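Here is a friendly walk through one protein model, written for someone who likes to keep the structure open while reading. Please have your viewer ready before you start.

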Amino acid sequence: MISRIRGMNDILPPDSILWNRIEAAFRRTVARYGFYEVKTPILEETALFTRSIGDATEIVEKEMYTFEDKGGHSLTLRPEGTASMVRAYIENPETDGDSIARWFYFGPMYRYERPQKGRYREFYQFGAEAFGVAAPEQDAEMMAMAVHFLNEIGIKDVTLKINSLGDNSDRQAYKEKLLEHLRGRESELCEDCKRRMTTNPLRVLDCKQENCIAVAAGAPLIIDSLGPEAGAHFEKVKHTLDGLGIKYVVDPHIVRGLDYYNRSAFEFITENLGAQKAVGGGGRYDALVEQLGGPSTPAVGFAMGVERLIALLKDQGAQSLPSLDFFVIPMGEAAQEYSMKLGARLRSEGLSGEIDCSGRRLKNLFKRAERIGARYTIIIGDQELAEGAANVKNMESKEQQRIALDDIGRSTLK
Ligand code: AMP
């Protein structure tokens, strides 16, 4: 037997029902803010990710599905969505100068991580990117839109944590201060963090190892090193969130795992998912479009993961039972023929249901009616055809009603 690949999942009902609910809520939410979908290829040139996400990040160092195609080109299954969005933005013939674009995406991402609950090698992300606006209100709007979406699907107990990573010069100066602190306690750090001290010291703040958390706790904070412009930007983001009634917590240790962020960085954190605490995250990335060969264009975006949201919804006891309006059990050939037509009529009235064609035993079929969540079960045999009426059983109340066949429909299957 051939099994699925480790870390990759089949999404089966009833989980797929929650999945569709999440996807629909996201599409509904972003449409209210005027964001449009962009679909990009799942495969990209490897350089797109190494040049954007950053050579010294976990993703690029360890987690990419990279291979050579038959033409000898290095290709990578996308590990995240933003790099592809930026490439598409730059390649879009309508992009000129500082065009504004409000885009969203929804699709599978690939990271060769150690699989565990909430962490897979294929997972689905959806996200939104706003290109062309540098104002702090844009950052706040993105955060507000993400919160709006979480409210729309009824996710509770998720905290919006925000930070500012400052401008490039602020970050350079801060890195020196941070390194000074880290050097004094280098022996306490994990091997990865010792390496990060030379490659990407900010990531030490984000490490989940206990010892590193202790070292990070005493480190200087980047928000204390913001220049006046980045500082004013951060204040305005907070002010705008306050004005919108969006709750947040300033967490100076939010640094995000990708290199391209500046100024706002934010994450949506839950304590209900065990080790995987982030359901989503984002930030501003004003240099990335230019860095990848486009015109200088400010941008801000966020991404969320579907699998973790499904886990959260289930944890909250969300119902994802299948439900149908009717299940018809025909007894005999003439009844089967009639039932097929009855099904067609009921569906044309907007009802949904199943006509049994298996001819299995009645006991089994009643079990099936329960499993598919049929609200009404209708048995039709020769006698019903002759009398022009059938017993319609309400599966919840267990009551049966005799209804003329022609009257079975939207008004009787309420
Ligand atoms: P990131 O791009 O790493 O900030 O991820 C954004 C969101 O995608 C996370 O908050 C998760 O919800 C989701 N995500 C990232 N990596 C994985 C993974 N390996 N498995 C499942 N979900 C993931």
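Helix α7 covers residues 191-199, and C193, R196 and M197 are its buried members. Viewed down the helix axis, these buried residues fall within an arc of 110 degrees, so they line one face of α7. The arc is taken from the directions that run from the helix axis to the C-beta atoms. Helices (H or I, at least four residues) and strands (E, at least two) are DSSP runs, numbered from the N terminus.

A word on the source: this is a predicted model, in which local features need pLDDT of at least 70 and side-chain atom pairs count only at pLDDT 80 or more, while totals for chains, interfaces and linings use all residues. Residues are numbered from 1 along each chain as its sequence is written, and side-chain values use heavy atoms, with hydrogens and water left out.

A search of the whole structure finds one cavity of 30 Å³ or more, and about 50 Å³ of space lies in the largest cavity. Which residues line the largest cavity? They are A56, T57, E58, E61, R195, R196 and T199. By class, the lining has one nonpolar, two polar and four charged residues.

Here are the terms. On a 1 Å grid over the protein atoms alone, a cavity is a set of points where a 1.4 Å probe fits but cannot get out, whereas a pocket is an open set with protein on both sides within 12 Å along at least five of seven lines; lining residues have an atom within 4 Å of a point. Grid points are joined across faces, edges and corners, and a volume is the space filled by probe spheres set on the points. Ala, Val, Leu, Ile, Met, Phe, Trp, Tyr, Cys and Pro count as nonpolar, Asp, Glu, Lys and Arg as charged, and the others, Gly among them, as polar.

## The second largest pocket

Now for an open space. About 470 Å³ lies in the second largest pocket. Its lining has 25 residues, and R171, K175, D259, Y260 and Y261 lie nearest the pocket centre. Helices α2 (46-52), α6 (168-184) and α10 (288-291) each supply at least two lining residues, with α6 giving the most, at four. The lining divides into eight nonpolar, nine polar and eight charged residues.

## Aromatic contacts

The structure holds 15 aromatic pairs. Rings of Phe, Tyr and Trp (its six-membered ring) pair if their centres lie within 6.5 Å; planes under 30 degrees apart count as stacked, over 60 as edge-to-face and the rest as tilted. One of the pairs is F26 with F104, edge-to-face at 5.7 Å centre to centre and 80 degrees between the planes. This pair links distant parts of the chain, with F26 in helix α1 (residues 15-32) and F104 in strand β5 (residues 101-110), 78 residues apart. F26 counts as buried at 1% relative accessibility, and F104 counts as buried at 5%. F266 and F268 form another edge-to-face pair, at 6.1 Å and 85 degrees, and both of these residues are buried.

Y89, W103, F131, Y260, Y261 and Y285 form one aromatic cluster. Y260 and Y261 are also among the residues nearest the centre of the second largest pocket.

## Backbone details

A cis peptide bond joins P13 and P14, with omega of about 10 degrees, and P14 sits in the segment before α1. R263, in strand β9 (residues 262-270), has a positive phi near 50 degrees without being a glycine. R263 is buried, with a relative accessible area of 14%. K398 is not a glycine either, yet its phi is positive at about 70 degrees. K398 lies in the loop between β15 (389-394) and β16 (400-404) and is partly exposed, at 46%.

Notes:
Buried < 20%, exposed > 50% of the residue type's maximum accessible area, 1.4 Å probe, protein only.
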